[in-house]
Amino acid sequence: MKLFQTFAFLLLIHTLSGQSTSQQKMDSLHFMVGQWVGISTAIKDGKVVSEVPAFQSIKYALNKHAILIDLKSESLQLHTVIRYDEKDKTYYYNPFSERGARKLPADFENGKFIVRASDTKRFIFERTGHNSFREYGENFENGKWVKYFEDKFKDIQ
């Protein structure tokens with residue numbers, strides 16, 4: 001048994017040491033990977049103004065150096081690439097839509113992937129259960145963060 005434990009420990013160290021910093025950072029976002037179905041909710045003045053079905057396909061790409069997100073709903077179609085830049089020591093969230101593309105800095109803190117769209121706008125991704133996660137957007141208004149959309153997803157696999 002001791003030999004098996006030693007072998008398992010050495011295998012784990014070899015596996016971890018074989019990953020780049022970028023791959024290790026991208027592993028933190030594993031909770032987002034899957035085929036997701038859910039509801040996208042728009043919120044204004046604290047009230048729900050619309051709810052539409054949404055589907056997301058999220059997968060690793062480029063040997064776990066990137067995550068690809070394809071979001072489809074009645075209100076939005078979005079293709080996003082997430083990657084970690086070892087030089088800048090930050091994640092970048094790169095959404096592409098019919099309106100264009102952006103490159104937004106992001107962090108992974110306390111189990112949440114937080115995208116900083118501006119000083120007054122952010123998007124937050126977090127696991128909400130074994131097979132579920134949510135994304136929500138907030139605007140900074142009158143000294144506090146106010147939610148303006150929330151997408152709740154369940155894994156369909």
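Helices (H or I, at least four residues) and strands (E, at least two) are DSSP runs, numbered from the N terminus. Keep that in mind as you open the viewer, since the tour uses strand labels throughout.

Two notes before you click. This is a predicted model, where local features need pLDDT of at least 70, side-chain atom pairs count only at pLDDT 80 or more, and totals for chains, interfaces and linings use all residues. Residues are numbered from 1 along each chain as its sequence is written, and side-chain values use heavy atoms, with hydrogens and water left out.

**Stop 1: the whole chain**

Start with a cartoon view. Of the 157 residues, 38% count as buried; buried means under 20% relative accessible area, exposed means over 50%, and partly exposed is in between (1.4 Å probe, protein chains only).

**Stop 2: the cavity**

Next, select Gln-56, Ile-69, Leu-71, Leu-78, Thr-80, Tyr-93, Phe-125 and Glu-135, which line the largest cavity. On a 1 Å grid over the protein atoms alone, a cavity is a set of points where a 1.4 Å probe fits but cannot get out; a pocket is an open set with protein on both sides within 12 Å along at least five of seven lines, and lining residues have an atom within 4 Å of a point. The search of the whole structure finds 1 cavity of 30 Å³ or more, and the largest cavity has a volume of about 30 Å³. Volume here is the space filled by probe spheres set on the grid points, which are joined across faces, edges and corners.

Colour strands β3 and β4 (77-85): each supplies at least two residues of this cavity's lining. By class, the lining divides into 5 nonpolar, 2 polar and 1 charged. (Ala, Val, Leu, Ile, Met, Phe, Trp, Tyr, Cys and Pro count as nonpolar, Asp, Glu, Lys and Arg as charged, and the others, Gly among them, as polar.)

**Stop 3: the largest pocket**

Now for the open space. The largest pocket has a volume of about 610 Å³. To centre your view, pick Leu-76, Leu-78, Arg-99, Tyr-148 and Phe-149, the closest to the pocket centre of the 24 residues that line it. The elements giving two or more residues to this lining are β1, β2 (47-61), β3 (66-73), β5 (90-97), β6 (100-101), β9 and β11. The pocket lining has 12 nonpolar, 7 polar and 5 charged residues.

**Stop 4: aromatic rings**

Show the Phe, Tyr and Trp side chains. Rings (for Trp, the six-membered one) pair if their centres lie within 6.5 Å; planes under 30 degrees apart count as stacked, over 60 as edge-to-face and the rest as tilted. The whole structure has 13 aromatic pairs. Zoom in on Trp-36 and Phe-133: their ring centres are 4.7 Å apart and their planes at 80 degrees, so this pair is edge-to-face. Trp-36 is in strand β1 (residues 34-44) and Phe-133 in strand β10, so the pair ties together parts that are 97 residues apart in sequence. Trp-36 is buried, at 2% relative accessible area, and Phe-133 is buried too, at 0%.

Phe-153 is in strand β11 (residues 144-155), 20 residues apart from Phe-133 in strand β10.

**Stop 5: Arg-122 and its partners**

What does Arg-122 form a salt bridge with? Select Glu-138: the closest N and O atoms of the two are 2.7 Å apart. (A salt bridge is a side-chain nitrogen of Lys or Arg within 4 Å of a carboxyl oxygen of Asp or Glu.) Arg-122 belongs to strand β9 (residues 121-129) and Glu-138 to strand β10 (residues 132-141), 16 residues apart. Arg-122 is partly exposed at 22%, whereas Glu-138 is buried at 10%.

Arg-122 has another neighbour to show: its charged end sits over the ring of Trp-145, 3.9 Å from the centre. (That takes NZ of Lys or CZ of Arg within 6 Å of the ring centre and within 35 degrees of the ring normal.) Lys-103 sits likewise over the ring of Tyr-92, 4.4 Å from its centre.

**Stop 6**

Select Lys-112, Glu-126, Arg-134, Lys-147, Glu-150 and Lys-152 together to see a linked network of them.
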